[in-house]
Amino acid sequence: MKILAASDIHGDSYWASAVIEKFHETGSDKLLLLGDLLYHGPRNNLPENYNPGKVIALLNAEAGNILAVRGNCDTEVDQMVLKFPIMADYIYLVSGETVFFATHGHHYSPDNLPEGLGAGSVFLSGHTHVACDYISEKSDGIRCMNPGSPSIPKQDTNPSYIMIENGEARLGRF
């Protein structure tokens with residue numbers, strides 16, 4: 001199974017469309033969304049193409065292909081308009097021999113990893129808007145990856161995504 005992971009769209013219709021286009025272009029089977037889908041949040045500027053209604057329509061058209069976790073800006077009201085579940089704090093995925101723990105990053109983070117992940121596991125999170133890929137110094141060989149935010153990237157990172165296939169994960173750029 002091929003999975004494309006993205007995070008922190010924050011209601012930007014241009015980037016929601018770009019994520020979906022990349023999902024189809026790569027021939028992915030599932031789109032994993034790591035939270036903060038519709039609202040830009042009080043600490044962020046309004047994204048340039050802020051249009052939550054259009055983002056709802058774009059994502060709902062792909063509902064059967066989406067796996068998602070709840071971000072700190074996602075609420076029960078958002079769940080009422082989206083046709084796929086978004087309220088889980090985390091999900092586990094297995095690809096090849098690799099266990100992936102996917103969360104938004106506001107509860108669990110590279111500095112607060114969940115119990116039970118071992119060497120060779122991959123911790124996926126968003127939240128920081130900073131794309132990164134590294135082995136955690138606070139763990140025993142757990143790889144931490146973040147696709148950043150396509151709509152509001154921070155610390156001079158580029159709009160990015162993560163591609164997961166056959167137990168491998170790589171950071172890609174739009």
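Biologist: Is Glu25 buried, partly exposed or exposed?
Modeller: Buried means under 20% relative accessible area, exposed means over 50%, and partly exposed is in between (1.4 Å probe, protein chains only). Glu25 has a relative accessibility of 55%, so this residue counts as exposed.

Biologist: What pLDDT do side-chain atom pairs need in order to count?
Modeller: Residues are numbered from 1 along each chain as its sequence is written, and side-chain values use heavy atoms, with hydrogens and water left out. This is a predicted model in which totals for chains, interfaces and linings use all residues, local features need pLDDT of at least 70, and side-chain atom pairs count only at pLDDT 80 or more.

Biologist: Which residue forms a salt bridge with Glu25?
Modeller: A salt bridge is a side-chain nitrogen of Lys or Arg within 4 Å of a carboxyl oxygen of Asp or Glu. Helices (H or I, at least four residues) and strands (E, at least two) are DSSP runs, numbered from the N terminus. With its closest N and O atoms 3.0 Å apart, the pair joins Glu25 to Lys22.

Biologist: How many residues apart in sequence are the parts that Arg70 and Asp89 tie together?
Modeller: The side chains of Arg70 and Asp89 meet in a salt bridge, 2.6 Å from N to O. Arg70 lies in the loop between β3 (66-68) and α3, and Asp89 in the loop between α3 and β4 (90-95), so the parts tied together are apart in sequence by 19 residues.

Biologist: Which strand holds Arg143, the partner of Asp133?
Modeller: Asp133 forms a salt bridge with Arg143, the closest N and O atoms being 2.7 Å apart. The pair ties together parts that are 10 residues apart in sequence, because Asp133 lies in strand β7 and Arg143 in strand β8.

Biologist: Why is the pair of Tyr90 and Tyr92 given its class, and which class is that?
Modeller: Rings of Phe, Tyr and Trp (its six-membered ring) pair if their centres lie within 6.5 Å; planes under 30 degrees apart count as stacked, over 60 as edge-to-face and the rest as tilted. The structure holds nine aromatic pairs. In one of them, the rings of Tyr90 and Tyr92 have centres 6.0 Å apart and planes at 85°, so the class is edge-to-face.

Biologist: Which strands are tied together by Phe101 and Phe123?
Modeller: Phe101 and Phe123 form a stacked aromatic pair, 5.8 Å centre to centre with 10° between the planes. The pair ties together parts 22 residues apart in sequence, because Phe101 and Phe123 lie in strands β5 and β6.

Biologist: Which residues form one aromatic cluster with Phe101 and Phe123?
Modeller: Phe101 counts as buried at 1% relative accessibility, and Phe123 is buried at 0%. Together with Phe101 and Phe123, the cluster takes in Tyr90, Tyr92 and Tyr108.

Biologist: With which side chain does the side chain of His104 make a polar contact?
Modeller: A polar contact is a pair of N or O atoms within 3.5 Å; within protein, one must be able to donate a hydrogen and the other to accept it, and residues adjacent in sequence count only if both atoms are side-chain atoms. His104 is in the loop between β5 (98-103) and β6 (122-124), and is buried with a relative accessible area of 0%. A polar atom of the His104 side chain lies 2.6 Å from the backbone oxygen of Leu34. The side-chain partner, at 3.2 Å, is His127.

Biologist: How far apart in space are Leu4 and Met163, C-alpha to C-alpha?
Modeller: Leu4 is found in strand β1 (residues 2-6) and is buried, with a relative accessible area of 0%. Contact means heavy atoms within 4.5 Å, and the residues that Leu4 touches include Tyr161, Ile162 and Met163. Leu4 and Met163 are 159 residues apart in sequence, and their C-alpha distance is 4.7 Å.

Biologist: Which backbone oxygen lies 3.2 Å from a polar atom of the side chain of Ser151?
Modeller: Ser151 is in the loop between β8 (143-147) and β9 (160-165) and counts as buried at 14% relative accessibility. Its contacts beyond four places in sequence include Ile9, His10 and Trp15. The backbone oxygen in question belongs to Asp8.

Biologist: What is phi of Asn166 near?
Modeller: Asn166 sits in the loop between β9 and β10 (168-173) and is exposed, with a relative accessible area of 58%. Its phi is positive in a residue other than glycine, near 50°.
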